[in-house]
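Let's read a protein model together, one feature at a time. Have a look at it first, and then we'll start asking.

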Amino acid sequence: MRTIKGKSDHVVVVGAGLAGLSTALRLAGAGRQVTIIERESFPGGRNGLLNKSGYAFDTGPTVLTMPDLISDALACVGEKLEDSLELMPLQPLYRAFYHDGSQLDVHANTAAMEAEIEKVIGSDEAAGYRRYVDFVTKLYRYEMNDFIDKNIDTPFNLLTPNLARLIALGGFRRLAPKVSQFLKDPRTQKVYSFQAMYAGVSPQQALAIYAVIAYMDSVNGVFFPKGGMHAVPRALAAAAQKHGVTIKYNTTVEKIERNNSRATAVITTSGERIACDALVLNPDLPVAWRDLLGKNPWSVKRLNYSPSCVTILAGSNKSYDHLAHHNIHFGESWDGVFDELIKKKTLMSDPSLLVTVPSKDDPSLAPAGKHSYYILFPTPNLDADIDWKKMKSKYRDQMLATMEERGYHGFADSIEVEHVTTPLEWEQMGLERGAPFASAHTFFQTGPFRPRNMAKGFENVVFTGSGTQPGVGVPMVLISGRLAAERIVGPVK
């Protein structure tokens, strides 16, 4: 495994996102002096927080899986997850609603899920589900250590016995056909393949290895931190500061000072110079290259980006008894939805959407008797010919009209506060092409072909976050923090 050159006594991390915090904890545990520079007044990056009129909203990810990865980062400085976070396992993980009026509760417990599928669909489908769980469990076991939680310098690093096992298992075939080998009903096919959206590709386009995302949530479990998802970066930041990491909030890095191939300091917009022996960049990778390193290498220019989304954060005086914490409403169209989003780059004509109600499990996130809602509609990214300055209000109304059709009667009139984010706002937050799911996990943007976490042309600059290896999602960016730290100090135990 390649590591940076030269000494690494003082490491500057730009960005207090989950990946930056994960990196900092591991470096601090390895005895390095660490300074994090964060432009906002709080940690979290995309895992942000909005407080408005007594409502608290997570502005980024709402699904937490693989909490052991949080424990692992905290353990690097001798801290325990249970001392700083209260995690509630969600039951069900999701509630899926379908165009025919049926619904399916998704459980991590395989016996409970088998019983649910048998009740709603039938015994043959339940048996197929059991075989599917065996498949994704093997995928995870073969994939995690060799292909996800590992720094990859060349494709030859993948030549392990587990590669042969993955090939034999069918991991490099397409996801949708692989899922259909086990699951025959469109309802289960959808609920166990929609996770491909997190990787920025359709189930028809995604490799079957991305069924590992279904393992991470639908088999391993989904959790919700008391206080909202933002409790995670708050806990990581507090642990980092407790163990000597300096976090400079409300501070923006303007440029990187370099001496030949070595970064020597960051310069802030206020003119402050902060010297470093090594530098870790957590901003979106293309933005970090362009705005901080002043380059746009071919490995970045060639990238294709995931679809984006529009979110409405709504504080409402209305509740709905039929909802779970996470609710997925599937339209009748499925292949067509992805075709519109990815190929045609148009808005969904028959939308599928996510509605999360965090106040259902933590009433402190809304005023008494009221609820906070997180509503997400996938959309094309900014490569599409959509003027979001003109479309924002119109599409917001279309989203609420769709919700009315899907059973949220009177929701639009119940909204007391709201905050709408379109691809244009995502771009303004520093996300390339307005794509919060970063570059898509197509074959040539996956594993060894994804932009590497060592900056070519620099001997002491490392990237972390969803734009580099291993990729997108809360588990992946926490792992990317470990991989970045190992580029500086070697293997981290």
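**Reading the model, step by step**

At 40% relative accessibility, D397 counts as partly exposed.

Q: What do buried, partly exposed and exposed stand for?
A: Buried means under 20% relative accessible area, exposed means over 50%, and partly exposed is in between, using a 1.4 Å probe and protein chains only. With 40%, D397 falls in the partly exposed class. Before we go on, keep in mind that this is a predicted model: local features need pLDDT of at least 70, side-chain atom pairs count only at pLDDT 80 or more, and totals for chains, interfaces and linings use all residues. Residues are numbered from 1 along each chain as its sequence is written, and side-chain values use heavy atoms, with hydrogens and water left out.

Q: Which residue does D397 meet in a salt bridge?
A: The general idea is that a side-chain nitrogen of Lys or Arg sits within 4 Å of a carboxyl oxygen of Asp or Glu. Here D397 meets R396, at 2.8 Å from N to O. Salt bridges that share partners also join R26, D72, D149 and R482 into one network.

Q: How many salt bridges does the structure hold?
A: The structure holds 24. One of them joins R39 to E40, where the closest N and O atoms are 3.7 Å apart. R39 is partly exposed at 44%, and E40 is partly exposed at 34%.

Q: How do I read a helix, and which residues of α12 are buried?
A: An α-helix has 3.6 residues a turn, so residues three or four places apart point the same way. Now take α12 (residues 335-344): its buried residues are V337, F338, E340 and L341. Seen down the axis, these fall within an arc of 155°, so they line one face of the helix. That arc is taken from the directions from the helix axis to the C-beta atoms. The face turned away from the buried side carries the exposed residues K343 and K344.

Q: What do the buried residues of α12 pack against?
A: They pack against β17 (371-379), where contact means heavy atoms within 4.5 Å. Just after α12, K345 takes a positive phi of about 55°.

Q: How many residues of α10 are buried?
A: In α10 (residues 285-292), 6 of its 8 residues are buried, so this helix is mostly covered. Among the buried ones are W289 and L292. The buried residues of α10 pack against β1 (10-14), β10 (253-259), β13 (278-281), α11 (298-301) and β19.

Q: How do I read a pair of aromatic rings, and how many pairs are there?
A: A pair of aromatic rings is described by the distance of the centres and the angle of the planes. Rings of Phe, Tyr and Trp (its six-membered ring) pair if their centres lie within 6.5 Å; planes under 30 degrees apart count as stacked, over 60 as edge-to-face and the rest as tilted. By this rule the count comes to 21. Y94 and F194, for instance, are edge-to-face, 5.5 Å centre to centre with 90° between the planes. This pair links distant parts of the chain, with Y94 in strand β6 and F194 in the loop between α7 (186-191) and α8 (212-219), 100 residues apart. Y94 is buried at 1%, and F194 is buried at 11%.

Q: Where does the cis peptide bond from Q91 lead?
A: This bond goes to P92, and its omega is near 0°. P92 is found in the loop between β5 (87-89) and β6 (94-97). Another cis bond runs from Q469 to P470, with omega near 5°.

Note on methods. Helices (H or I, at least four residues) and strands (E, at least two) are DSSP runs, numbered from the N terminus.
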